[in-house]
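Dear colleague,

I am passing on the structure we talked about, and I would be glad if you could look through it alongside the notes below.

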Amino acid sequence: MKKIILAVYVFLSLECCGQVWVEKGAVWHYDWWTIGSGGFDKITYTGDTVIGNKTCQTLLKVRYTFFGTPDGGIAGGLPDTLGKEYTHVSGDTVFYFVNNKFSVLYNFGAKSGDSWDLGIDTSFAKCSKSIAIVDSTGTMVINHKTYRWISISAKTESSVTLLGKAVEHIGSIGSYLLPQYNYCDNQLWEPYFFTFHCFEDNTFELYNPTSYKCEYLLDRVGLTNPLLNVIEFFPNPVSDAITIKPGGFTIQKLEIFDNTGKPVISQQSTPFTGQVIVTGL
């Protein structure tokens with residue numbers, strides 16, 4: 001009788017590679033600071049829309065601003081809506097809608113030396129066509145999966161810049177998710193400096209390489225999101241008068257600071273729950 005030997009081959013592999021772009025529920029947090037203030041931007045994937053027969057992700061940008069107070073504390077925390085951005089993905093490339101057309105935002109299949117036009121060309125700051133350049137590429141493991149990354153720099157005199165390392169499924173972890181305006185005329189301007197804080201979506205566990213929570217600054221001023229969603233104030237910035245709508249909350253004390261943290265109004269006011277207009281700023 002012949003003996004039959006069965007050979008069983010087992011193939012083991014590390015789960016690779018990650019999805020190129022985001023899923024539902026995507027939320028990014030980027031910390032920022034500038035002269036006299038700081039805070040964080042929260043970018044949320046709110047749903048899909050169709051632009052030019054392309055299904056796009058709608059990304060809502062909200063900025064939270066905080067100021068230092070004379071006693072060493074922190075004030076502020078109310079959000080400003082910065083508008084919406086639209087992205088779509090094709091193959092290894094993520095596009096964004098700018099100047100009424102789609103331009104490349106990230107190309108995760110790019111190689112060192114590759115470049116692309118970010119779609120913005122301005123002259124008001126003596127800048128020109130915006131070119132992103134890939135300096136290096138590689139892979140990294142996040143949440144037990146391997147993701148490709150590209151490191152990006154900007155061509156000199158680019159109108160907007162996209163800098164640092166960008167990882168597929170997340171985007172930039174080196175600066176900011178979207179290109180930021182550059183100034184080439186050597187005039188005085190107020191730059192914003194961004195650092196990546198955290199990201200998650202419905203299929204991607206929270207990635208937070210820091211030691212503190214994504215919205216830790218809200219805890220510092222004792223605010224929570226339900227409160228932030230209902231209190232309104234406008235205009236912002238303000239020069240003469242500001243309208244405050246407490247949204248049903250009782251305001252016990254009113255403090256208004258300028259962009260250097262200097263108090264403009266600080267008073268124990270008569271508690272109010274309805275709309276008020278504050279003048280004399």
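This is a predicted model: local features need pLDDT of at least 70, side-chain atom pairs count only at pLDDT 80 or more; totals for chains, interfaces and linings use all residues.

Residues are numbered from 1 along each chain as its sequence is written, and side-chain values use heavy atoms, with hydrogens and water left out.

The chain has two helices and 20 strands (DSSP runs numbered from the N terminus, helices being H or I of at least four residues and strands E of at least two). Of its 281 residues, 42% count as buried, meaning under 20% relative accessible area with a 1.4 Å probe, protein chains only.

Five strands form an open sheet in the order β7-β8-β9-β11-β12, with antiparallel pairing (two strands pair if DSSP finds at least two bridges between them). Its edge strands, β7 (115-121) and β12 (171-172), each pair on one side only. Within this sheet, β8 (residues 129-142) and β9 (residues 145-154) are joined over 10 bridges, and I133 stands opposite S153 in β9.

The second largest pocket holds about 780 Å³ of space (a pocket is an open set of points on a 1 Å grid over the protein atoms alone, where a 1.4 Å probe fits, with protein on both sides within 12 Å along at least five of seven lines; lining residues have an atom within 4 Å of a point; the volume is the space filled by probe spheres set on the points, which are joined across faces, edges and corners). Of its 26 lining residues, P179, Q180, Y181, Y192 and F194 are the closest to the centre. Strand β5 gives the most to this lining, with three residues.

Best regards

Terms used:
Buried means under 20% relative accessible area, exposed over 50%, partly exposed in between (1.4 Å probe, protein chains only).
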